[in-house]
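Work through the exercises below with the model open in a viewer. Try each task before reading its solution.

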Amino acid sequence: MKKRILTCLMAVSLLVSLLAVPVGAASVTKFSDVSDSYTATAIETLRLMGVLDGYGDGTFRPDTVLNRAQFCKMAVYAMDGSGELGRYSTVTIFPDVKPSHWASAYINMASRKGIISGFADGKFKPGQTVTAGQAVTILMRGLGYKDEDMGGVWPQSYMAEAQTNGLLKSTGITSAYAGVTRAQAAKLFMNLFEAKHGKGDVLFSYSVGKDEVYLTAVDGGKGTMTAGGTEYDMAHPVTSTSLIGSKGKVVTNSEGEILTFLPVTGSGGVSNAAVIIGNGNAGSTLGALAGSSSYNVYKNGTPASVGDLKRYDVATYSAATNSIIVSDTRVSVYYEDCSPSPSNPSTITVLNGMKLNVLPTAVDSLSKLKPGKQIVLLLTADGQVAGAEDANSGNVQGNAMAYVDGSGSVQMICGGSLLTVGTASDYAGQVVSLSSSKSGSQNVKLNLGKISGGAGGELNVPERTLGGRKLTDNAFIFDGGKQIGLGELGQSVINESRVTYARTNWAGQVDLVVLNGSVTGDTVYGRAKVVTDRDDTTGKETQSISIETKQKTYGPIKSGNNVSSGAWVAVRFNKGETGFTSFATMTRLGNVPASAWVGKTAVTYGSRTYEVPSNVQCYNADTDTWMTDLDAARDYGGTMNLYVYDGIVRAVEVKG
């Protein structure tokens with residue numbers, strides 16, 4: 001384990017002084033449905049340990065009740081025991097927890113360590129709700145408390161001792177028989193680090209630092225965390241955290257790796273999750289955000305330099321790719337509502353009922369603006385609020401654009417990604433300006449205005465140019481009311497008459513093209529299933545290929561295409577689906593971390609941003625079944641592989 005004293009720390013005070021929007025003591029809320037600061041801190045502390053995380057839609061679902069299997073997994077991670085799981089995965093201790101059960105290794109390990117037990121009938125009942133009494137008993141045993149020393153009646157004896165030793169502090173748990181929610185579990189595990197130990201062996205392998213220090217950097221790509229001037233290897237690397245800038249204590253495991261960071265409650269640490277470019281030195285601002293002077297810059301998904309950034313651009317830092325992600329999206333909206341309060345909002349309701357997450361950088365500016373006003377929001381690339389201005393101040397104007405697809409869904413172009421904000425079938429297939437407003441007693445309405453022109457030449461597919469102008473690597477291409485990849489176009493050159501709109505970005509490159517009518521064939525994205533038949537007489541082998549998708553299986557088709565079963569392919573069929581008119585193996589992005597996602601519509605991988613359409617194919621390699629949607633795939637966890645065709649992610653494959 002390497003520990004290096006940094007010669008120069010990223011000063012939190014420097015960062016705050018460079019922000020265009022002042023930042024004071026801010027909540028560390030990361031999830032849209034978590035407004036309580038203490039809960040948010042507990043969640044982030046546990047996220048660093050790999051114990052739990054949120055869902056793909058940006059929520060944490062704090063009131064969801066856990067089951068016994070889920071809590072066992074959390075306990076094993078808390079004892080930093082994931083490295084031992086292999087030896088417990090093939091045994092059967094409880095008859096209702098077979099080796100095939102997803103949590104068998106966690107349950108078996110917890111049982112062998114003596115912190116959990118089954119019921120009188122010998123079963124474990126992994127899907128049953130975990131009660132507070134059961135959860136507290138598991139953690140207390142891990143802290144060295146023994147059944148024979150507790151006295152009294154279980155579980156009240158353990159609950160009473162837990163109240164004394166600090167384990168139940170601020171959890172809101174009052175009944176031993178009530179189910180434990182995700183929020184309560186987060187608080188229990190955070191309290192675990194400073195709870196008083198029992199007289200037996202402590203199974204949770206951690207050491208809490210004596211000194212209070214500042215957390216100044218988290219680099220998920222390198223797997224390091226910097227606190228108090230020391231750089232630690234992370235036991236469970238994650239991307240940047242809202243705890244950066246907080247004062248607290250380092251928690252390490254027996255190997256000296258950092259498990260998590262334990263903020264001092266009420267320390268008022270600030271989060272530097274996003275900065276708004278002002279009129280000053282943008283280079284210094286971004287250097288403070290990244291923690292170094294060496295990083296990549298992407299503006300709206302396109303490589304850029306510091307000099308390309310303008311006032312009111314919003315910058316966030318991706319530790320996974322060491323990149324500054326910049327968005328220049330600003331949208332004028334009627335301020336409908338907020339939660340929990342106008343003075344400290346964690347979410348804001350705009351655009352006729354849409355809820356947006358509010359970053360700590362925006363709390364100060366939004367607190368000066370009350371619901372009922374027309375305001376301008378400054379958005380990050382994944383659609384979070386980084387700042388706000390009164391629309392009547394004249395300081396900044398909205399510039400939001402959207403594309404209305406064939407189904408009438410309004411897709412706001414936010415940085416280098418798309419966010420669905422409503423429906424407007426009258427504008428299907430068109431690019432529109434976007435805002436919202438309210439007049440008198442009327443309802444809030446989306447204001448859409450058709451934007452036309454800007455084509456100026458033919459689209460040359462092989463050269464990736466339109467009228468001689470280069471297309472960006474992540475250019476949005478819309479054809480016949482749907483998003484496509486450039487390589488899906490069936491012609492090498494598209495006549496100018498078919499190009500109804502093209503947008504040129506800040507760098508003089510085309511980043512948005514809308515085509516009038518469908519000029520593509522129907523491309524199918526799926527898994528190849530190959531069967532080889534051998535003629536016993538001639539010895540000749542014939543290969544048949546079927547293409548499996550969530551919707552249907554195509555084929556089998558006899559073909560000379562060389563591909564292995566299980567390969568992800570992009571194909572077009574001839575009329576009658578008796579053969580392929582094109583056949584290509586998709587590019588694999590392997591072991592994509594959760595930190596690589598920009599919302600749910602894009603992924604940054606290898607210094608490039610890839611779009612993810614809403615109809616992406618999702619497949620579970622463990623069960624050999626198709627999954628319902630992207631949220632289900634991301635919630636499954638484990639390894640995630642993405643398959644790309646012409647710059648767009650067309651398939652997601654997960655494996656535990």
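The exercises go from the whole chain to single elements, and the model is a predicted one.

**Exercise 1. Overall make-up**

Task: State how many helices and strands the protein has, and what share of its residues is buried.

Solution: 
- Step 1. Count the elements. There are eleven helices and 43 strands.
- Step 2. Take burial. Of the 656 residues, 54% are buried.
- Step 3. The accessible area is about 27,200 Å², and carbon and sulfur atoms hold 45% of it.
- Step 4. Check contact range. Among contacts with a separation of 6 or more, 60% join residues 24 or more positions apart.

**Exercise 2. The largest nonpolar core**

Task: Find the largest nonpolar core and the element that gives the most to it.

Solution: 
- Step 1. Size the core. The largest one has 65 residues. F71, I107, I116, V136, L188 and L192 have the most contacts inside it.
- Step 2. List the contributors. Two or more residues come from each of α2 (37-49), α3 (68-78), α4 (104-112), α5 (132-142), α7 (156-165), α8 (182-192) and β7 (258-263).
- Step 3. α3 gives the most, with eight residues.
- Step 4. Zoom in on I116. Leaving out residues up to four places away in sequence, I116 touches C72, F94, I107, A110, S111, F124, I138 and R141.
- Step 5. Look elsewhere. Apart from this core lies another, of 31 residues, including V333, V350, L377 and L379.

As background, nonpolar side chains in soluble globular proteins tend to be buried together.

**Exercise 3. Helix α4**

Task: Decide whether α4 is mostly covered or mostly open, and name what its buried residues pack against.

Solution: 
- Step 1. Count. Eight of the nine residues of α4 are buried, so the helix is mostly covered.- Step 2. Name them. They are S104, A105, Y106, I107, N108, M109, A110 and S111.
- Step 2. Find the partner. These buried residues pack against α3.
- Step 3. Follow the chain. After α4 comes G114, with a positive phi near 85 degrees.

**Exercise 4. Strand β30**

Task: Determine how β30 pairs with β26 and with β29.

Solution: 
- Step 1. Check burial. In β30 (residues 510-515), six of six residues are buried.
- Step 2. Take β26 (residues 469-479). The pairing with β30 is parallel, over five bridges. D479 is bridged to L515 of β30.
- Step 3. Take β29 (residues 499-504). The pairing with β30 is antiparallel, again over five bridges. Y501 is bridged to V514 of β30.
- Step 4. Examine the turn. The hairpin of β29 and β30 has five residues between the strands, and G508 there takes a positive phi near 80 degrees.

**Exercise 5. Cysteines**

Solution: 
- Step 1. Apply the cut-off. Buried means under 20% relative accessible area.

Definitions and conventions: Residues numbered from 1 in each chain as written. Predicted model: local features only at pLDDT ≥ 70, side-chain atom pairs only at ≥ 80, totals over all residues. Heavy atoms only, no water. Core = buried A, V, L, I, M, F, W, Y, C linked by side-chain atoms within 4.5 Å. Buried < 20%, exposed > 50% of the residue type's maximum accessible area, 1.4 Å probe, protein only. Helix = DSSP H or I, 4+ residues; strand = E, 2+ residues; numbered from the N terminus. Contact = heavy atoms within 4.5 Å. Areas by Shrake-Rupley, 256 points an atom, 1.4 Å probe, with all protein chains shown as cover. Pairing = 2+ DSSP bridges.
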